[in-house]
Amino acid sequence: MTTPKQNWEQQQQVMKTKNSGAMSFMGSPTMVEDKDEEMSRSVLSAFRAKEEEIEKKKMEVKERVQAHLGRVEEETKRLAEIREELEALEDPKRKEVAFVRKRIDTINKELRPLGFTCQKKEREYKESLEAFNEKTKEKAQLVAKLMELVSESETLRMKKLEELNKHMESLQ
């Protein structure tokens, strides 16, 4: 059985032999570190260069998009102005026309109940006129009958007077 101290010493010896083998194969330990550091720097600089290139392209795209958006906004404004001009050309009195149409609609709504009232009054008028005409006709018939009766009565009275007159003359 080995003691912990012995284990530690054995590990140290193994490490020394490994390090000496690496040194004989690659050279000095600082040289390995320099190569590693140089490789890390080149990878890092390549990464930074790629990052800068990406950022540069990103800014170019952003600038192009902004320029395009600016043109789109300008075109939108121009289209709005053209639309307004077209509307003005189509109907210069659009507001007045809209007002008159609205007024016509309002009057139509007011006319509807007035039309119904008018029709009702016309029916009542026709019924009243018909009743009036019937009564006038009846009156005319009655007046004619009265005239006929009065005429007959006068004729009869005249006959009686003549008879009485003749009778009086004969008595004298």
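A word on the source before we start. This is a predicted model, in which local features need pLDDT of at least 70 and side-chain atom pairs count only at pLDDT 80 or more, while totals for chains, interfaces and linings use all residues. Residues are numbered from 1 along each chain as its sequence is written, and side-chain values use heavy atoms, with hydrogens and water left out.

Let's begin with the fold. The chain has three helices and zero strands, so its elements read α-α-α from the N terminus on. Helices here are DSSP runs of H or I with at least four residues, strands are E runs of at least two, and both are numbered from the N terminus.

Now, how much of the chain counts as buried? The figure is 0% of the 172 residues. Buried means under 20% relative accessible area, exposed means over 50%, and partly exposed lies in between, with a 1.4 Å probe and protein chains only. The accessible surface comes to about 17200 Å², and carbon and sulfur atoms hold 59% of that. Those areas come from the Shrake-Rupley method with a 1.4 Å probe, and for residues only the protein chains shown count as cover.

On to the charges. Side chains of opposite charge can pair when their charged atoms come close. I call it a salt bridge when a side-chain nitrogen of Lys or Arg is within 4 Å of a carboxyl oxygen of Asp or Glu. By that rule we get four salt bridges, and I'll show you some of them.

Take glutamate 37 and arginine 41, whose closest N and O atoms are 2.3 Å apart. They sit four residues apart in helix H2, so about one helical turn separates them. Glutamate 37 is partly exposed at 40% relative accessibility, whereas arginine 41 is exposed at 55%.

Glutamate 53 is partly exposed at 40%, and lysine 57 is partly exposed at 48%.

Helix H3, residues 94–171, holds lysine 135 and glutamate 138, three residues apart. Their closest N and O atoms are 4.0 Å apart. Lysine 135 is exposed at 57%, while glutamate 138 is partly exposed at 41%.

Last topic: patches. These are made of residues with over 30% relative accessible area and no salt bridge, joining like charges within 9 Å and nonpolar side chains (Val, Leu, Ile, Met, Phe, Trp, Tyr) within 5 Å. For charge, Lys and Arg are positive and Asp and Glu negative, with His and the chain ends not counted; each charge is placed at NZ of Lys, CZ of Arg, CG of Asp or CD of Glu.

Which residues form the negative patch? They are Glu33, Asp34, Asp36 and Glu38. Glutamate 33 belongs to helix H2, residues 29–90, and is exposed at 52%.

There is also a nonpolar surface patch of Leu79, Ile82, Leu86 and Leu89, with about 410 Å² of accessible area together. Isoleucine 82 is in helix H2 and is partly exposed at 41%.
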